[in-house]
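Reader: I have the sequence and the coordinates open. Please take me through a few local features, one at a time.

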Amino acid sequence: MAWNIARLATQLAWVILMARTLGVEGYGTFSGVAGLALAISGLAGAGLGLRLYQDVARTPELLGIRWAQAVRALAWSGALLCLGFMLLGSMVYPGLSVEVLACIAAAELVGTPMVVHVAFAYAAHGRMAQAAAAPVVLSCGRVLAVLALPLVASDGGMRAYALLHVLATLLGAGLVWRRCRRQLSPPAAEAMLDRGALGEGVRLSAIWASGLALGAVDKAVALREGGGELAGQYTAANRFASLLTLPVDALVTAVMPRLFRAGAGQPSHPWLLGGLLAAALLYGLVAGGMLWSGAGLLPGVVGADFGPAVPALRVLALYVPAYCLRILGANILLGYGWIRWRLASELLVLATMVVLMAWWIPRRGAEGAAWALVIAEGLLALLLWVRVFVGWPRAKA
């Protein structure tokens with residue numbers, strides 16, 4: 001809990017500083033392009049990091065081989081994804097410089113997946129404090145990058161910030177990677193990426209990628225359909241709503257090893273799913289109510305230019321409970337191996353969200369984008385929990 005509070009505080013500071021330093025349009029442009037990178041970052045490592053989490057949580061002796069496989073996959077997939085992102089980004093956002101695209105690619109497709117890999121390794125061993133601390137290091141580095149921007153470029157340009165952003169990300173990732181290796185000491189093993197290893201990894205990668213895309217592609221679509229200023233308004237509202245969901249993310253992270261073991265038929269608490277559902281729903285309703293009540297404070301926090309984001313933030317009060325139920329349901333399906341249903345549901349809802357945003361943004365602006373996200377999250381939560389309730393007897397057993 002302490003580390004997740006630190007993550008909440010540092011991410012809040014990062015959002016506020018970025019918004020005030022880059023302005024509405026600069027903030028929206030950077031967030032939209034970074035969102036596109038994050039949307040494909042789930043493919044980094046070909047799912048072998050998530051396989052490490054799943055298998056080591058069940059059988060700790062597999063750490064050596066799973067670590068070696070994941071590291072090898074991170075290396076070659078990172079290079080391919082960076083190249084692909086730069087080609088895609090130059091087509092989707094033709095006015096953006098190659099330097100900015102390259103910096104965002106290296107940060108989000110190399111540095112961030114390294115931190116995710118470390119968090120998976122810690123969590124697989126039940127070291128939840130260390131797993132929660134890893135992304136805090138990343139957030140702290142990015143806060144320092146924003147603070148250093150006026151010293152590097154007096155005009156606060158995006159190109160200068162992108163360079164600081166990637167340097168801070170890679171430095172933070174390197175630090176947590178080195179510490180993880182020293183603490184867990186994964187045994188040396190040959191990183192054989194045979195058909196079986198890659199097949200299971202790709203299966204899990206599809207799940208991880210679709211989940212990340214749901215949380216990131218909306219910013220990219222907002223930038224594409226509405227431009228930098230609208231994307232800035234929407235992203236500011238979305239970031240503050242997302243910050244309130246971090247406690248449920250922390251809860252899911254803490255309980256995932258139990259869900260993996262329960263999904264493998266190992267003994268589990270009989271009231272695990274019921275307790276998780278009650279906690280997520282209660283917190284989501286309370287947090288959503290708080291967000292709606294405090295939405296008017298947003299311009300005072302990030303700047304008066306963000307005043308038009310207030311209606312979108314009030315709409316996103318509905319997003320908070322929907323997300324809490326969705327993320328819990330998604331991880332229950334992952335733990336129990338009900339992956340096909342989750343993947344099909346996420347892809348369907350992802351396409352629905354993109355269509356709704358493309359339709360509503362030109363007509364209703366940031367508020368239309370917010371409604372598209374709320375409808376998508378609510379629909380996905382419904383689809384996932386239908387599958388959970390169908391399999392509830394097995395899960396309780």
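**Local features of the predicted model**

Author: In this predicted model, Leu-297 has a relative accessible area of 60% and is exposed.

Reader: How far apart are the C-alpha atoms of Leu-297 and Gly-307?

Author: Leu-297 and Gly-307 are 10 residues apart along the chain. The separation of their C-alpha atoms is 9.3 Å.

Reader: How many disulfides does a search of the whole structure find?

Author: A disulfide is a covalent bond between the sulfur atoms of two cysteines. The search counts a pair of cysteine sulfur atoms within 2.5 Å. For Cys-82, the closest cysteine sulfur is in Cys-103, 11 Å away and too far for a bond; for Cys-140, it is in Cys-180, at 18 Å, again too far. The number of disulfides found in the whole structure is 0.

Reader: Is Cys-82 buried or exposed?

Author: Buried means under 20% relative accessible area. Cys-82 has 14% relative accessibility, so Cys-82 counts as buried.

Reader: What does Cys-140 count as, given its relative accessibility?

Author: Values between 20% and 50% fall in the middle class. Because its relative accessibility is 35%, Cys-140 counts as partly exposed.

Reader: How far apart are the end C-alpha atoms of helix α4?

Author: Helix α4 runs over residues 98-124, which is 27 residues. At 1.5 Å a residue, α4 should span 39 Å. The computed distance agrees with this: the end C-alpha atoms are 38 Å apart.

Reader: At which residue does α4 bend?

Author: The bend is about 25 degrees. A proline, Pro-113, follows within four residues of the bend, which is at Thr-112.

Reader: How many residues of α4 are buried?

Author: α4 has 27 residues and is mostly covered. The number buried is 20.

Reader: Are α2 and α3 roughly parallel or roughly antiparallel?

Author: Helix α2 (residues 48-58) and helix α3 (residues 63-92) pack with their axes 8 Å apart, at an angle of about 170 degrees. Contacts between them involve residues including Leu-48 and Leu-52 in α2, and Leu-63 and Trp-67 in α3. Angles over 145 degrees count as roughly antiparallel, and α2 and α3 are therefore roughly antiparallel.

Reader: What is the phi of Ser-185?

Author: Ser-185 lies in the loop between α6 (158-184) and α7 (195-243). With 48% relative accessibility, Ser-185 counts as partly exposed. Although Ser-185 is not a glycine, its phi is positive, at about 45 degrees.

Technical notes
Residues are numbered from 1 along each chain as its sequence is written. This is a predicted model: local features need pLDDT of at least 70, side-chain atom pairs count only at pLDDT 80 or more; totals for chains, interfaces and linings use all residues. Side-chain values use heavy atoms; hydrogens and water are left out. Helices (H or I, at least four residues) and strands (E, at least two) are DSSP runs, numbered from the N terminus. The expected span of a helix is 1.5 Å times one less than its number of residues. The bend at a residue is the angle between axes fitted to the seven residues ending there and the seven starting there. Buried means under 20% relative accessible area, exposed over 50%, partly exposed in between (1.4 Å probe, protein chains only). Axes are lines fitted to C-alpha atoms, for helices over the stretch in contact, and angles run from 0 to 180 degrees between N-to-C directions. Angles under 35 degrees count as roughly parallel, over 145 as roughly antiparallel, 65 to 115 as roughly perpendicular and the rest as oblique. Contact means heavy atoms within 4.5 Å.
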